[in-house]
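User: Please examine the structure below with me, and set each computed value against the criterion behind its label.

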Amino acid sequence: AMVAAAMVAAAMEAAVMEAPAGAASLARATLSFALKGGETAALERLNAVVKSRPQWVCTFSKPGTNPLEYAPGSTTMLSPYLKFGCLSCRTLHAELDESTATSKRHTQPPQSLHGQIYWREFFYLLSHATPNFGSATGNPLCLRVPWRDPSTDAEAAEDLRRWAEGRTGVPLIDAAMCQLNTVGWLHHLLRHVVACFLTRGQLWIDWEAGRDVFDKLLVDADWAVNS
């Protein structure tokens with residue numbers, strides 16, 4: 001994983017060197033980008049990405065966002081602050097209300113930013129109301145699928161390790177997982193891609209094992225959403 005992270009960093013730095021002057025400046029900002037913790041930082045980011053950009057909020061549509069953008073990003077990247085309680089979902093919702101009030105036409109849930117909050121709260125409600133929500137066993141919402149179990153299957157354990165480290169041999173999967181290991185962040189669509197590859201798409205490995213990797217690596221790791 002450390003070698004993969006170094007390769008990603010080297011590739012990004014090479015891209016910076018080859019880019020035109022204006023693009024190189026933006027690329028360097030991306031390369032050094034880091035989310036800072038705490039309520040003050042959360043409110044500063046809320047102001048920068050939501051409050052000061054009402055038109056962007058009004059036209060935001062999650063399916064149209066770019067999963068390859070990391071920083072400043074095609075989404076708000078406020079989820080870590082929501083996860084750690086640095087930002088209240090009510091505060092964010094109120095700011096979104098103010099932004100959408102500036103235009104008669106704006107996107108609607110589930111594609112809108114309001115919709116992203118509602119999806120989060122939906123999974124919070126499910127996790128509270130569903131017995132054994134974090135497990136396939138005893139969970140009434142889960143189908144019984146004969147997943148490969150890394151705890152009992154050595155080959156599955158090796159496949160899981162290679163997936164988690166970004167060494168599957170599939171470029172998109174490896175790039176996404178290297179980014180996750182390096183910066184602790186993935187766009188929603190990339191999370192779907194790597195999760196599907198691990199489970200029903202290719203490796204057929206138990207989703208709980210993948211959830212545990214997400215819980216360990218994501219800066220906004222959220223048990224209810226990841227499960």
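User: Why is Asp 212 called partly exposed?

Analyst: In this predicted model, Asp 212 has a relative accessibility of 44%. Partly exposed covers the range between the buried limit, under 20%, and the exposed limit, over 50%, so Asp 212 counts as partly exposed.

User: How do you know that Asp 212 forms a salt bridge with Arg 211?

Analyst: The closest N and O atoms of Asp 212 and Arg 211 are 2.9 Å apart. A salt bridge requires a side-chain nitrogen of Lys or Arg within 4 Å of a carboxyl oxygen of Asp or Glu, and therefore the pair qualifies. Arg 211 itself is buried, because its relative accessible area is 8% and the limit is under 20%.

User: What joins Glu 158, Arg 161, Glu 165 and Arg 167 into one network?

Analyst: Salt bridges that share partners join these residues: Glu 158, Arg 161, Glu 165 and Arg 167. The structure holds 8 salt bridges.

User: What makes Asp 159 and Arg 148 a salt bridge, and which parts does the pair tie together?

Analyst: The closest N and O atoms of Asp 159 and Arg 148 are 2.9 Å apart, and the criterion is within 4 Å. Asp 159 lies in helix α8, whereas Arg 148 belongs to the loop between α7 and α8, so the pair ties together parts 11 residues apart in sequence. Asp 159 is partly exposed because its relative accessibility is 22%, and buried would require a value under 20%.

User: Why are Arg 191 and Asp 220 said to link distant parts of the chain?

Analyst: The side chains of Arg 191 and Asp 220 meet in a salt bridge at 2.9 Å, N to O. Arg 191 is in helix α10 and Asp 220 is in the loop between α11 and α12, 29 residues apart. Arg 191 is buried, with a relative accessible area of 16%, and Asp 220 is buried at 8%; the limit for both labels is under 20%.

User: Why does Asp 222 have no salt bridge?

Analyst: The nearest side chain of opposite charge to Asp 222 is Arg 120, 4.4 Å away.

User: What makes the pair of Asp 222 and Tyr 124 a polar contact, and which residues is Asp 222 in contact with?

Analyst: The side chains of Asp 222 and Tyr 124 are joined at 2.6 Å, and the cut-off for a polar contact is within 3.5 Å. Apart from neighbours within four places in sequence, Asp 222 is in contact with Lys 83, Arg 120, Tyr 124 and Asp 215.

User: Which residues lie nearest the centre of the largest pocket, and which elements give residues to its lining?

Analyst: The lining comprises 49 residues, with Phe 123, His 188, His 192, Val 225 and Asn 226 nearest the centre. Two or more lining residues come from each of α5 (79-83), α6 (89-100), α7 (113-129), α10 (188-201), α11 and α12. The largest share, 9 residues, comes from α10. The space in this pocket is about 1700 Å³.

User: Why is Pro 131 called partly exposed, and which residues is Pro 131 in contact with?

Analyst: Pro 131 has 47% relative accessibility, so this residue counts as partly exposed; exposed would require over 50%. Leaving aside neighbours within four places in sequence, Pro 131 is in contact with Gly 138, Asn 139 and Pro 140.

Notes: Residues numbered from 1 in each chain as written. Predicted model: local features only at pLDDT ≥ 70, side-chain atom pairs only at ≥ 80, totals over all residues. Heavy atoms only, no water. Buried < 20%, exposed > 50% of the residue type's maximum accessible area, 1.4 Å probe, protein only. Lys, Arg positive; Asp, Glu negative; His and termini not counted. Polar contact = N/O pair within 3.5 Å; in protein donor to acceptor, adjacent residues only side chain to side chain. Contact = heavy atoms within 4.5 Å. 1 Å grid on protein atoms, 1.4 Å probe; cavity = no way out; pocket = protein on both sides within 12 Å on 5 of 7 lines; lining within 4 Å. Points joined across faces, edges and corners; volume = space filled by probe spheres on them. Helix = DSSP H or I, 4+ residues; strand = E, 2+ residues; numbered from the N terminus.
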